[in-house]
Amino acid sequence: MSSTGTDSTKLGDVGLIEVQLDSLDSSHNFAVQNGGTPGMKSQSDGQQQKNVFKSKVFIIAVTFSSVLIVAMCIGFLVHYEFAGDVSDMETVAFWHVTLPQEQQVWYDRGIDELKLALNRELNRRRAKNVVLFVGDGMGPNTVTAARIYGFKEEGLLSWERFPHMGLLKTYCADKQVPDSFSTATALFGGVKVNYETGGVDANVPLGNCSASLNEANHVQTILNWAQVDGMRTGFVTTTRVTHATPAALYAHVPDRRWECEAGMTAEQQQQGCLDIARQLVEQSTGRQINVIMGGGRQMLVSNVSGTDADPLDTWAGHSADGRNLIRDWAQYKANQGVSHAVVQNNAELRNLDGQNTDYVLGIFANGHLKYDHERDQGDEGMPSLSNMTLKALEVLGNSDKGYLLVVEAGMIDQAHHRGNARKALSEVLALNEAVQAVQAHLKAKDQLDETLLIVTADHSHSLTINGHPERGADILGMAGNSKTEGTPYTTLTYGTSYKGFQVDPEKNQRQNPALSDTTDWEYTQQAAINTNENLHGGSDVTIHARGAMSYLFHGVHEQSYVAHVISYALRIGRFRDSTIAESLAELMPL
């Protein structure tokens with residue numbers, strides 16, 4: 001048989017086999033049909049074997065086996081990823097090496113941190129409670145300086161041990177550098193709004209009463225969403241309860257200065273706009289808040305008098321229209337027939353039976369509360385942030401529906417505005433104590449895993465950490481001498497400040513800070529620019545979280561993202577009746 005004939009036969013065989021794939025009859029002699037020799041048995045057997053490999057049964061069997069193998073491989077991969085074996089540092093060997101002590105200490109710390117990272121678990125359960133801490137003005141440099149001030153360079157603040165963190169972009173709808181009212185609305189309402197406005201969207205310009213009355217422009221908050229779902233709600237602050245950050249939880253106003261009628265014009269009042277204090281006591285969201293604690297008596301009650309122990313905030317205005325909203329609040333609760341209490345000092349707060357009280361109004365100062373280091377800790381004095389927060393949890397914990405509590409360390413910001421860095425750092429440490437106290441409280445009640453704990457800030461300040469001070473040096477001390485003027489400078493300075501630009505008139509150069517006690521509570525750090533007060537910074541701020549759904553904070557986020565995470569974690573607001581959210585929740589452990 002010629003080579004040409006053989007090639008022709010092979011091609012013919014293939015073509016005919018493809019046509020007759022539906023035939024399983026091995027008696028077909030394809031060679032004969034294509035002109036081959038009938039007596040060649042070995043050639044016929046070979047053709048039959050080729051036919052078997054091309055049969056439907058064989059193809060189906062091979063396909064099924066392949067799919068089965070792929071499925072098994074995927075199963076093993078999923079098991080490997082989720083079994084947790086690779087995240088158990090106790091079973092993962094690493095080389096133990098002998099190094100000089102200067103290297104060994106950092107290797108050991110690296111292994112310790114790696115163990116924590118590898119053993120970190122994602123808590124996917126639905127949150128029953130949320131506690132949101134806001135350090136007003138607590139930017140990254142403030143956190144770093146406070147950490148060094150309290151625990152040296154190697155230490156950590158309590159929330160810096162939380163497993164999840166991210167960054168928040170703080171710009172508002174119309175400004176690169178925001179104020180507290182606009183940022184608080186983003187945090188609590190999930191919407192960025194205009195500078196110095198709160199509870200109203202960017203359709204409302206600053207000071208525009210008529211636009212703010214349009215309910216379509218109102219921004220609802222996590223507090224309102226939680227109330228709709230039957231949860232208990234509350235807020236605690238070291239500032240006035242009508243101040244920018246807490247006001248964003250319940251008020252809808254186009255100007256943060258409208259804390260009482262004194263900040264409004266007669267025309268604005270005639271148009272029907274209500275000040276913040278009245279919205280707290282007279283409007284629906286404010287009336288449903290279970291715990292209200294802070295300062296601000298001068299906004300709630302007309303013509304109050306200040307004392308050395310409890311001065312008025314002279315830069316903020318005070319009510320003079322004859323109101324007594326504290327009395328009105330108590331009367332409204334009495335008419336409702338609900339258990340309630342008004343507390344106004346340490347003794348009254350300490351003696352409050354929180355477990356048998358549904359509503360608490362705690363007003364502990366005419367203006368802002370005293371700085372923590374200045375507080376009178378006696379019966380007539382003002383409570384600490386920790387005191388108020390723990391009592392708030394006692395009241396809020398009386399419901400099976402869960403609770404939402406917002407805690408503001410507002411005096412960090414006030415200290416920065418005056419350029420008093422030591423006071424600001426001290427207030428951060430007071431916040432740290434409150435966070436520790438809450439964690440201990442929740443652990444004792446076995447509620448840590450069902451509670452979402454968040455610590456963040458609303459904005460930063462222009463505090464800077466300068467020069468190359470020695471490790472272990474006092475953060476409030478000197479960093480070195482200027483190489484151009486020879487004058488010492490402090491580690492901490494501000495970009496802008498109140499009385500911070502300090503000039504020696506005799507030498508016509510910057511004053512020497514080493515001639516002052518830079519660790520004094522009243523010392524004002526030097527600054528590049530003098531203005532009426534230290535202005536806010538525009539940097540991102542950190543957000544730290546632990547507990548239920550805390551893993552949702554994981555990168556660089558818009559500040560408005562926080563409200564949506566809380567809403568989803570609690571299944572309130574837009575997620576309350578969401579089919580998608582409910583379906584996902586069913587797949588997650590509760």
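Residues are numbered from 1 along each chain as its sequence is written, and side-chain values use heavy atoms, without hydrogens and water. In this predicted model, local features need pLDDT of at least 70 and side-chain atom pairs count only at pLDDT 80 or more, while totals for chains, interfaces and linings use all residues.

Student: What is the mean pLDDT of the protein chain?
Tutor: pLDDT is the predictor's confidence in each residue, from 0 to 100. In the protein chain, 85% of residues reach 70 or more. The mean is 88.

Student: Are helix 6 and helix 19 roughly parallel or roughly perpendicular to each other?
Tutor: Helices are DSSP runs (H or I, at least four residues) numbered from the N terminus. The axes, lines fitted to C-alpha atoms over the stretch in contact, with angles from 0 to 180 degrees between N-to-C directions, come within 9 Å and cross at roughly 80° for helix 6 (residues 140-151) and helix 19 (residues 421-444). Angles under 35 degrees count as roughly parallel, over 145 as roughly antiparallel, 65 to 115 as roughly perpendicular and the rest as oblique. Helix 6 and helix 19 are therefore roughly perpendicular.

Student: How are helix 17 and helix 19 oriented to each other, roughly parallel or roughly antiparallel?
Tutor: Helix 17 spans residues 385-396, and its axis comes within 8 Å of that of helix 19. The two axes cross at roughly 25°. The orientation is therefore roughly parallel.

Student: Which residues of helix 17 meet helix 19?
Tutor: Contact means heavy atoms within 4.5 Å. On the helix 19 side are A430, L431, E433, A434, A437, V438 and H441. On the helix 17 side are L385, S386, T389, L390 and L393.

Conventions:
Helix = DSSP H or I, 4+ residues; strand = E, 2+ residues; numbered from the N terminus.
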